Amino acid sequence: MKRTFFLLLLGVAGCNDTVEPVAKPVDGEQMLRKVIVSIDREHPGRGLADYPSDEPADVPKSYALILLGAIEQARAERLTEVNALGVNAGNWLLENADANNNGIIGWGVPIAWDAYGDGSVNPENTEYSISTAIAVDALLGWADYVDEWKKAEILSLVEKALEPYLPSSMRTPAGMLPYSLLANDRKYDTFNSAVYLAGQMQRFAVITPQVELKEALMSAADSTMSALLRNKKIAEGSGSWYWNYSIQEDNPNDLPHAGYIVEGVLTYIDNKGRLASDFDRQKIFQHLMDFFGKDGKVRGWPAFRPEITTDARLYDLSIAAQLMCRFQDHNSGNYFLGEVPRYEAPEGGYLKYPYGTEPNRQVAEYESYLYRALKACGFSEDKHAQ
C-alpha cells in the first residue's frame, strides 16, 4: 500500500493542476528486440554518436550502459555472469581506460569538445567526470559477476580512475568534483556530473578496505553533497527538489541531467553517506514527474519552465524510466517508456527525437540508454534474438 500511495503522489506532483500523466501499456519485449538489432555485437558501444559527425565512434558511456543493462538482466534472472554483450562492453571499458595515453585512468568522449562554449576546446578522449562515473558504476556492478582475478582487476582500475579527483586542488569554487580534470573546466560548478561521481565514490568507499582511501573518498563525496544541499531549489507546485545545470547558470537541468543527480544522490544515500539524512529522498525523486507538460507528454525541461518547449530525447526517457523501475517499481517506468513508440524509425531502431521531428537521427548512445532501461524494467528479448 505504501508504494502505491507514493506512485500516486508522484503522478499528482508533476501535473501542476493540468493533465495527470498516464502510465501507458508497454510492449517492452518487442521494444527490446527492435533496439538490439542496432547494437554491434562485438563492439556494443559503437555507432553514430550525438555529435556533428556521420562516422561511427566508440563512446565509453554507450559501452557502460550496455554493461549496466546486462547487469540488470543478471540480477533479475539470478545469473552468475552477464550476457555476451555485457562481457564485450566491460572488456572494452577495461582495455580503453586510458584512450588518450596520458597515464590517467578515466573515460570521456571520442571528439574534441568545448564543454562550456567558452573557447577552451578539450582534446578528444579527455577524461570527464560523468563518463568516468558511469563507467565506474558499470564496472563495480560487473565485479559481482566475474571470478576473483577479474574482480581484483576491476577494483584496481576503479581505484585508479577515482584517485585523480580526490585532491582538494580538484574541487570547483563551490567545493564540488570537477566536470573534467582540466583547469579550464574546474571553474564551473556543475551539479549533475559531480553528484553522479560522488555517489560512486561513496559506493567504492564501502567496498575498499583501505582506511585512508575510504576517508578520502567519503570526504570528496561529502564536499560535493554539501554544495548540493546549499544550492537546492524547490519547484513551485510540486515541492520537489531540483538544481540548475550549474551555479553559474540560471537554468534548470533538463531531464537526463536531472536524472544523473537523482542517481548520484540515491546511490550516496543507499551507501550510507554521512550527509544522507539531510536529503529528502522523496522530494528529489519526485522531480522526475515535473517533466510532464499540460498535454501529459514528457518534456525535455521541467513544466515550470513553459517557455522551453523542446521535446524529450530518447535518452531523457530512458534515464527516467530506469530510475523509476529501479527505485520505485516496474510499472512506474511505463510513464516514460510509454512515450518511446513515437521515436521509432520506419526502417527500425529508435531516433533521438519523435519520428517526424527535423533534424533527427538514430543515435547509438541513446539506444544504449534504452537498452539499459528496458532491462532495468524487467524486459527480456526472445532467446533466438540473443
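**Exercises on a predicted model**

The largest pocket of this predicted model has a volume of about 500 Å³.

**Exercise 1. Describe the lining of the largest pocket: how many residues line it, and which lie nearest its centre?**

Solution. 
- Step 1. The lining consists of 25 residues.
- Step 2. Nearest the centre of the pocket are W113, Y179, Y245, H257 and Y315.
- Step 3. Sorted by class, the lining has 14 nonpolar, 5 polar and 6 charged residues.
- Step 4. Helices that each supply at least two lining residues include α5 (129-142), α10 (255-270) and α14 (364-376).

**Exercise 2. Find the largest nonpolar core and state which residues have the most contacts inside it.**

Solution. 
- Step 1. The largest nonpolar core has 112 residues.
- Step 2. Inside this core, the residues with the most contacts are W107, L139, M201, F279 and F336.
- Step 3. Helix α12 (residues 314-327) gives the core its largest share, 10 residues.
- Step 4. As background, nonpolar side chains in soluble globular proteins tend to be buried together.

**Exercise 3. Leaving aside neighbours within four places in sequence, which residues are in contact with F336?**

Solution. 
- Step 1. Set aside the residues within four places of F336 in sequence.
- Step 2. Contacts of F336 that remain are L255, L288, M289, F292 and V298, together with L317, A320, A321 and M324.
- Step 3. F336 itself is one of the residues with the most contacts inside the largest core.

**Exercise 4. N101 and N125 both need a backbone check. What is the phi of N101, and what is the phi of N125? Is each buried or exposed?**

Solution. 
- Step 1. N101 is not a glycine, yet its phi is positive, at about 55°.
- Step 2. N125, also a residue other than glycine, has a positive phi near 65°.
- Step 3. N101 sits in the loop between α4 (84-95) and α5, and N125 is likewise in the loop between α4 and α5.
- Step 4. The relative accessible area of N101 is 67%, so N101 is exposed. For N125 the value is 17%, so N125 is buried.

**Exercise 5. Where does P359 lie, and is the peptide bond from E358 to P359 cis or trans?**

Solution. 
- Step 1. P359 belongs to the loop between α13 (334-337) and α14.
- Step 2. Omega for the bond from E358 to P359 is near -5°.
- Step 3. The peptide bond is cis.

Terms used
Residues are numbered from 1 along each chain as its sequence is written. This is a predicted model: local features need pLDDT of at least 70, side-chain atom pairs count only at pLDDT 80 or more; totals for chains, interfaces and linings use all residues. Side-chain values use heavy atoms; hydrogens and water are left out. A nonpolar core is a set of buried Ala, Val, Leu, Ile, Met, Phe, Trp, Tyr and Cys residues joined through side-chain atoms within 4.5 Å. Buried means under 20% relative accessible area, exposed over 50%, partly exposed in between (1.4 Å probe, protein chains only). Helices (H or I, at least four residues) and strands (E, at least two) are DSSP runs, numbered from the N terminus. Contact means heavy atoms within 4.5 Å. On a 1 Å grid over the protein atoms alone, a cavity is a set of points where a 1.4 Å probe fits but cannot get out, and a pocket is an open set with protein on both sides within 12 Å along at least five of seven lines; lining residues have an atom within 4 Å of a point. Grid points are joined across faces, edges and corners, and a volume is the space filled by probe spheres set on the points. Ala, Val, Leu, Ile, Met, Phe, Trp, Tyr, Cys and Pro count as nonpolar, Asp, Glu, Lys and Arg as charged, and the others, Gly among them, as polar.
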